[in-house]
Amino acid sequence: MFTAGSAQPLSPRCAFMSPGGPESPAMASASPRCTSVRLPVSVAVILLLMSVTAVQSSQGDKEPVYRDCVKLCVRMNCTGARLRGFESSQPQYMTLTGWTCRDDCKYQCMWTTVGLYQAEGYRVPQFHGKWPFVRVLCFEEPASALASLLNGMACLLMLLRYRSTVPRQSPMYHTINAFSLVSLNAWFWSTVFHTRDTYLTEKMDYFCATAVILYSIYLCCVRTLGLRRPGVSSMVGVLLILAFTSHVSYLTFVSFDYGYNMAANATIGMVNLLWWLCWCWQNRRTLPYWWKCGQVVLLLHGLALLELLDFPPLFWVLDAHAVWHLSTIPVHFLFYSFLIDDSLYLLNTEKLGVKVE
């Protein structure tokens, strides 16, 4: 896990980089040193084509001291020769992840505001809908980015184990492979989003997470109904694609409503939970591995409650969202253990001509 021992909120510096001793908050706000140049033109075009919604605001970024600090920093450092010097001296990894001079001003002024809040004995505020995190290299939320990467690696490892263990002739083989690819894509965008929060990466993170939830319903439908009634699973698949398209279109072109997105995903997740639990209950006497499936769905929904803790990040790195992502890593191993057992069971029953449960 990344550590933040050398980062002090009262001395807002960038990414554990430039040596030279601590600066005062006022000086720090006037001299950013370590982010990136503007986004590539291709990304900018994509953003312009997508309807732009208002940036989510919070107590911290509403503070006059924060706004004045950003204005002063941008005016002094983000034009003319100072901007060119900033762009020429920033590390390549900051350039590649799209950090700009203005972004760096916001980052430094955030810590100036946090320091003032703490000095007055007030609770640490959020900024733009997020807690303040220390930036490690180019990672905005280092613990969440690491946790997302580890989830993706666990998913990939178990997918490879599934492919090496289960023959391609198993009835669920291709459906499970597709589900794994959708999941890997979601963890990739989760890692990217927690590395660099932009309009595009946020939407990709949200939309890909929704795709996983919807595909998990399709996976459940194929396993419980589709093997005996392929037409049913095909019809459900079409409906889920239409639902996903409508969901993404509304959030992109009408209004990116965080409350609606959360309610929609929670509803879909509850349907998925109840469907799998009903199947587990019905097959508890015939399938000795049923408990793995039941435990997975209960764990996933139970661990999601960690998000409700919503505490300021420990050491400015570890918050409730990161804890939630870290807690889901072991679940991949149990889930794929169930998928392997079930796929082998289906293959054997198919060879014996036994009716699939």
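Which residue forms a salt bridge with Lys130, with the closest N and O atoms 3.1 Å apart? Asp197 does. By salt bridge I mean a side-chain nitrogen of Lys or Arg within 4 Å of a carboxyl oxygen of Asp or Glu.

Some ground rules. This is a predicted model, where local features need pLDDT of at least 70, side-chain atom pairs count only at pLDDT 80 or more, and totals for chains, interfaces and linings use all residues. Residues are numbered from 1 along each chain as its sequence is written, and side-chain values use heavy atoms, leaving out hydrogens and water.

Back to that pair. Asp197 sits in the loop between helix 9 (173–195) and helix 10 (199–226), and Lys130 in the loop between helix 7 and helix 8, so the pair ties together parts 67 residues apart in sequence. Helices here are DSSP runs (H or I, at least four residues), numbered from the N terminus. Lys130 is buried at 17% relative accessibility. Asp197 is partly exposed at 22%. Buried means under 20% relative accessible area, exposed over 50%, partly exposed in between, with a 1.4 Å probe and protein chains only.

Lys130 also meets Glu140 in a salt bridge, at 3.8 Å, N to O. Glu140 is buried too. Both belong to a salt-bridge network that also includes Asp103, Glu141, Arg196 and Asp197.

Now another pair. Arg223 bridges to Asp342, with the closest N and O atoms 2.5 Å apart. Arg223 is in helix 10 and Asp342 in helix 15 (residues 329–352), so parts 119 residues apart in sequence are tied together. Arg223 is buried at 1%, and Asp342 is buried at 4%. In total, the structure holds nine salt bridges.

Technical notes:
Helix = DSSP H or I, 4+ residues; strand = E, 2+ residues; numbered from the N terminus.
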